[in-house]
Amino acid sequence: MKTHLGRRPFSAMELHTLYTGYIYSDTRLAREQAKHWHFWLPLIAYYSGAYSDEIGYLTLDDLVVENSILCFSFHTHGKIKPRLIPVHNALIKAGLNDYLAYVKAQKHTRLLFDLPAKTGRYSEKVRIWFSGEGERAGYLQKCAIPSVDQLGMKTAISSLRLNFEQQIRIYALQAGSKDCFNYLMGFNDYSHDNFNDIALLNKVLQQIRVINSHIHWQRFLARDSH
């Protein structure tokens, strides 16, 4: 009988470890084949609650401004609804505008242009890099975080969505809007296609805890090799 391991969010200490790991430090690993998406995807996942496939499909045109607020427009996941997610200030401080200018200058259309699709899905490549496969260690293992804990609960890139959900649930309810929570999560419990109060979405989302304020894309590019 196949065992389905339950997923859990990362603990506060695990999040700290992930976002101070070698990707976000000043030193490359030996023989590391650094990609831009290695830096951006875990950050966007944490601050948006989006699945890795959704992030992989993002194009430059999916960054839209609504009521003077920059948002991601997610619309490529069959199981959850399209939604606008305000861009967290931490992503701007991490150099997102610089990166967008670089992507445009390179004449790419996809935000994470160097993330390839495997069997038609971006998530498969992300899963192998993040969680490992067979004898190949992933980013989790290289950060000394087990993919399965002592209780049999599993952590993976999608665990970051659970961390997002935990925080958004609290902040949306504090703002008195369960609709805001359901919309940001892409749940069918929110029956409308659009959410008219973008300012409320932004107010709730900006409360997501900043893990590492020293993260920056230029720092990622400037890392020294061993």
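In the predicted model, Arg 127 and Glu 124 lie 3 residues apart in helix H6 (residues 122-131) and are therefore separated by about one helical turn. An α-helix has 3.6 residues a turn, so residues three or four places apart point the same way. The side chains of Arg 127 and Glu 124 meet in a salt bridge, with an N to O distance of 2.7 Å.

Helix H6 itself is largely enclosed by the rest of the structure, because 7 of its 10 residues are buried. These buried residues are Tyr 122, Ser 123, Val 126, Ile 128, Trp 129, Phe 130 and Ser 131. The elements covering them include H1, H2, H3 and helix H7 (139-142). Just after H6, Gly 132 adopts a positive phi of about 80°.

On the H2 side, the contact is formed by Trp 37, His 38, Leu 41 and Pro 42, and on the H6 side by Lys 125, Val 126 and Trp 129. By class, the residues of this contact divide into 5 nonpolar, 1 polar and 1 charged. Val 126 and Trp 129 are also listed among the buried residues of H6.

The crossing of H8 past H9 is right-handed. H8 contributes Arg 161, Phe 164, Glu 165, Ile 168, Arg 169, Ala 172 and Leu 173 to the contact, while H9 contributes Lys 178, Cys 180, Phe 181, Leu 184 and Met 185. The contact of H8 with H9 comprises 8 nonpolar and 4 charged residues, with no polar ones.

Across the whole structure, the search returned 8 salt bridges. One of these joins the side chains of Glu 32 and Arg 223, at an N to O distance of 2.9 Å. This pair links distant parts of the chain: Glu 32 is in the loop between helix H1 (12-18) and helix H2 (36-48), whereas Arg 223 is in the segment after helix H11 (217-221), 191 residues apart. Glu 32 and Arg 223 are both buried.

Another salt bridge is made by the side chains of Glu 54 and Arg 83, with 2.8 Å from N to O. Here too the link is between distant parts of the chain, with Glu 54 in helix H3 (residues 52-57) and Arg 83 in strand E3 (residues 83-86), 29 residues apart. Glu 54 has a relative accessible area of 2% and is therefore buried. Arg 83 is likewise buried, with a relative accessible area of 2%.

Note on methods. Residues are numbered from 1 along each chain as its sequence is written. This is a predicted model: local features need pLDDT of at least 70, side-chain atom pairs count only at pLDDT 80 or more; totals for chains, interfaces and linings use all residues. Side-chain values use heavy atoms; hydrogens and water are left out. A salt bridge is a side-chain nitrogen of Lys or Arg within 4 Å of a carboxyl oxygen of Asp or Glu. Helices (H or I, at least four residues) and strands (E, at least two) are DSSP runs, numbered from the N terminus. Buried means under 20% relative accessible area, exposed over 50%, partly exposed in between (1.4 Å probe, protein chains only). A crossing is left-handed if the near helix is turned anticlockwise from the far one by less than a right angle, and right-handed if clockwise. Contact means heavy atoms within 4.5 Å. Ala, Val, Leu, Ile, Met, Phe, Trp, Tyr, Cys and Pro count as nonpolar, Asp, Glu, Lys and Arg as charged, and the others, Gly among them, as polar.
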